[in-house]
Amino acid sequence: GAAGPATPAVVLVGPPGSGKSTVGALLARRLGVTVRDTDTDVERTAGKPIPDIFVEDGEPRFRALEAAAVRAAVTGHDGVVSLGGGAVLDPESRALLTGLPVAFLDVPLGEAVRRVGLDVPRPLLAVNPRQRWRVLMEERRPLYTEVARAVVETAERTPDEVAQAVLDAL
Ligand code: S3P
């Protein structure tokens, strides 16, 4: 009920450029639910865009706000939850994902870099995005895999096909 705990229908994890926002919106439409995005929630709490939080308050502050947003979303939203790419770095956030229908959108480097170049600014990818993305993914791949119930490849698939693959896999 409205006052009790809620469990997400789908949680999307993956690196920047994996299509979480696009696929999340498609999934929500298909399922007839809404999307909650931790990046958006953090920006609302901080009252400013993510790049400004990084510059003015530092990454640790961003990660603290993100951990709180993850907790609120995965315990309080019954639709689609889309997590910022670095949300899985926090052990408590990973623990909260246990038992939930989590899909890891696994994207090749070239496709991700092409996408983030056209997309919202990411402070961690501002300089040398290819190299930075590769390092992020090396560090995080084991964490995405650990929390995921399903690993969904995005290569050679349209966003609609990825959304369908998520539903099939979960
Ligand atoms: C980050 C990814 C971004 C955003 C922030 C940090 C990361 O989210 O949370 O810029 O550490 O990978 P997206 O995965 O939605 O780009």
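Two residues are in contact if their C-beta atoms, placed from the backbone, lie within 7 Å. With that in hand, here is a short tour of a predicted model, one close-up at a time.

**View 1. S21 and its contacts.** S21 sits in helix 1. Leaving aside residues up to four places away in sequence, S21 touches D37 and S82. S21 counts as partly exposed because it has 17 C-beta neighbours inside 10 Å, and a residue needs 20 or more to be buried and 12 or fewer to be exposed. The unreviewed UniProt entry lists S21 under "binding site".

**View 2. K20, a buried residue of helix 1.** K20 also belongs to helix 1. Here the count of C-beta neighbours inside 10 Å is 26, so K20 counts as buried. Its contacts, not counting residues up to four places away in sequence, are L12, G14, S82 and L105.

View 3. Under "binding site", the unreviewed UniProt entry gives G17, S18, G19, K20, S21, T22, R122 and R157. These residues span 141 residues in sequence, and the farthest two C-alpha atoms are 24.0 Å apart, so they do not all gather at one spot.

**View 4. Helix 1 packed on helix 8.** Helix 1, residues 20–31, meets helix 8, residues 159–169, at an angle of about 60°, and their axes are 9 Å apart. The crossing is right-handed. On the helix 1 side, the contact is made by T22, V23, L26, L27 and R30. Helix 8 contributes P159, D160, V162, A163 and V166. By type, the residues of this contact comprise 7 nonpolar, 1 polar and 2 charged.

View 5. Three residues to look for in helix 8 are V162, A163 and V166, which are buried. They lie on the same side of helix 8 because they cover an arc of only 100° around the axis. A handy reminder for this view: an α-helix has 3.6 residues a turn, so residues three or four places apart point the same way. The buried residues of helix 8 pack against strand 1 (10–13), helix 1, strand 4 (102–106) and strand 5 (150–153). Turn to the face away from the buried side and you will find the exposed residues D160 and D168.

**View 6. M137 in helix 7.** M137 is part of helix 7, residues 129–147. With 20 other C-beta atoms within 10 Å, M137 is buried, since 20 or more is what that label requires.

**View 7. Two loop residues with positive phi.** Most residues other than glycine have a negative phi. N128 is not a glycine, yet its phi is positive, at about 50°. N128 lies in the loop between helix 6 (109–117) and helix 7, and N128 is exposed, with 10 other C-beta atoms within 10 Å. E156, another residue other than glycine, has a positive phi near 65°. Look for E156 in the loop between strand 5 and helix 8. E156 counts as exposed because it has 8 C-beta neighbours inside 10 Å.

Technical notes. Residues are numbered from 1 along each chain as its sequence is written. This is a predicted model: local features need pLDDT of at least 70, side-chain atom pairs count only at pLDDT 80 or more; totals for chains, interfaces and linings use all residues. Axes are lines fitted to C-alpha atoms, for helices over the stretch in contact, and angles run from 0 to 180 degrees between N-to-C directions. Helices (H or I, at least four residues) and strands (E, at least two) are DSSP runs, numbered from the N terminus. A crossing is left-handed if the near helix is turned anticlockwise from the far one by less than a right angle, and right-handed if clockwise. Ala, Val, Leu, Ile, Met, Phe, Trp, Tyr, Cys and Pro count as nonpolar, Asp, Glu, Lys and Arg as charged, and the others, Gly among them, as polar. UniProt positions are given in the numbering used here, feature names are shortened, and annotations may be inferred rather than shown by experiment. The arc is that of the directions from the helix axis to the C-beta atoms.
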